[in-house]
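User: Hey, I'm new to this one. Can you walk me through some of it?

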Amino acid sequence: MKQTTPAILGLLALTTFGSLAASYQPSTVVPPRPPREFRGAWIATVGNIDWPSKRGLPVADQKAELISLLDRAAALKLNAVIFQVRPACDALYASKLEPWSEFLTGTMGKAPEPFYDPLALAIAEAHKRGLELHAWFNPYRARVKSDRSPAAANHVSRTRPHLVRDYGRYLWLDPGELETQEYSLSVVLDVVRRYDVDGIHFDDYFYPYRENGADGKPMDFPDEASWKKYGLASKLSRDDWRRRNVDDFIRRVHAGIKSTKPSVKFGLSPFGIWRPGHPPQIQGLDAYAVLYADAKKWLQNGWADYFSPQLYWAIEPKAQSFPVLLDWWNQQNPKRRHLWPGLNTARMADRWKPEETVRQIQLASKQPVSAGHVHWNLGSLLRSGELQSALARGPYAETALVPACPWLDAKAPGQPRLVVTGRGPTDWRASWVAAPGERPRFWLIQLRTGASWSTRVTSETEMQLGTPVPNCVAVSAVDLAGNASRAAVVQLKE
């Protein structure tokens, strides 16, 4: 039997509805290429910073708040959210390895009632809105001592107390214990296997930021046991041994993700200054010496798919200049991984005008590999109507696709098959199916009305065209690595 073309399918549908006034037919029109820019925001759950608004919120309200955040992110034309799922060896998803987070239900280990899985919901709803969902983990923080509920029976502080160290305001997994690496890696890969996430993300917490003791002096991290067990035999200095512990873990996480599900991106968001004096004018905390985080090495070795160094300073001050630091990080990137700086959008509440953030976004859009940035945090961005207006008028005027990762996959998916049916002259519905082979992550929908094109991104496979009726419809498949297919295009013929 001869295959029915999209145009014939459309005409058949029109005949069914008793009208042959118009139809959409295949076209050679080439739609404009959308801009490519990573526009992300962190959604923090630790301390209920962004979501949910308070512990123990009814499930219906939790869901409504989360969907509202995603609605607003999509309306602003963001294209990614970085969702915190493991604040402190707990889980905002259904895990057999770690207990439910108290930031969700108010009691560590207590599941939502009625039951739902926040991560599964966030992924599905984000993808419908054209948003990538990156799952954000803290690899070492085990407990915040100010937490209100007791540790659950399956929390690591009770199941593996030999891995946990008491340090200032926190309980912390000891990065020097090999079992710590195995444990945290297993938690990450469990999510990679079971959830359709676009990325895995770590922030700036490795060894903890320094805490002061009762005498007011900085305390050293209490890793004497692991140092004696592993460090002394390494013949490294204690500082170098600590750095090697973190290096090994980052390398293993990257390799584990790629061997488990190669399409999942690994992102790192280290402290924005590697070391004071690099470049020469820069002053501030020494993350290399204090956090034992050699993020320069990780970038140079390509142990992540994107880096979002937290460049939380303004453009002009010399000692922590945003563009100077951004240029330095770009110079450390021989593997040409994506470099999307973290922006201190929370400063909008006290010090910065919208112009500062807009200028930083413009600087980040002119980088050698790809454009992009991440807002700390989504709540701060959504509380500033002034900044949202400035972004809508300027850098977010158009919808953007996330830049592709050619080292993951450089082959574009096949052209989809597009059908537009309806009653005419205004009631039209577009639907599309993927070409054989790779499953698309998103669909890029481009509509021309008059001479103007509009763009949207979604995971859904049909849409009502609405009014005014577009004279041209184009659909492209976007795969997990961000590659876009050739567009299937139809044009309205009277």
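Analyst: Helices (H or I, at least four residues) and strands (E, at least two) are themselves DSSP runs, numbered from the N terminus. This is a predicted model, where local features need pLDDT of at least 70, side-chain atom pairs count only at pLDDT 80 or more, and totals for chains, interfaces and linings use all residues. Residues are numbered from 1 along each chain as its sequence is written, and side-chain values use heavy atoms, with hydrogens and water left out.

User: OK, how do β6 and β7 pair, parallel or antiparallel?

Analyst: Antiparallel: β6 (residues 164–167) and β7 (residues 170–173) share 4 bridges. Tyrosine 167 sits opposite tyrosine 170 in β7.

User: And what's in the turn?

Analyst: The two strands form a hairpin with 2 residues between them, and glycine 168 in that turn has a positive phi of about 60°.

User: Switching topic: where is serine 157?

Analyst: Serine 157 lies in helix α5, residues 156–159. Its side chain makes a polar contact of 2.7 Å with the side chain of histidine 155. Such a contact is a pair of N or O atoms within 3.5 Å; within protein, one must be able to donate a hydrogen and the other to accept it, and residues adjacent in sequence count only if both atoms are side-chain atoms.

User: Which residues does serine 157 contact, leaving aside neighbours within four places in sequence?

Analyst: Ala151, Val164 and Leu171, where contact means heavy atoms within 4.5 Å.

User: Now the helices. At what angle do α6 and α8 pack?

Analyst: About 25°, with the axes of α6 (residues 178–194) and α8 (residues 238–260) 10 Å apart. That makes α6 roughly parallel to α8, since angles under 35 degrees count that way. Axes are lines fitted to C-alpha atoms, for helices over the stretch in contact, and angles run from 0 to 180 degrees between N-to-C directions.

User: What residue classes are in that contact of α6 with α8?

Analyst: There are 7 nonpolar, 5 polar and 4 charged residues. Ala, Val, Leu, Ile, Met, Phe, Trp, Tyr, Cys and Pro count as nonpolar, Asp, Glu, Lys and Arg as charged, and the others, Gly among them, as polar.

User: What about α11 and α12, how do they cross?

Analyst: The axes of α11 (residues 322–331) and α12 (residues 354–364) come within 11 Å and cross at roughly 20°. So α11 is roughly parallel to α12.

User: Which residues meet there?

Analyst: Phe322, Pro323 and Leu326 in α11 meet Gln360, Leu363 and Ala364 in α12. By class, that contact has 5 nonpolar, 1 polar and no charged residues.

Methods: Parallel < 35°, antiparallel > 145°, perpendicular 65-115°, else oblique. Pairing = 2+ DSSP bridges.
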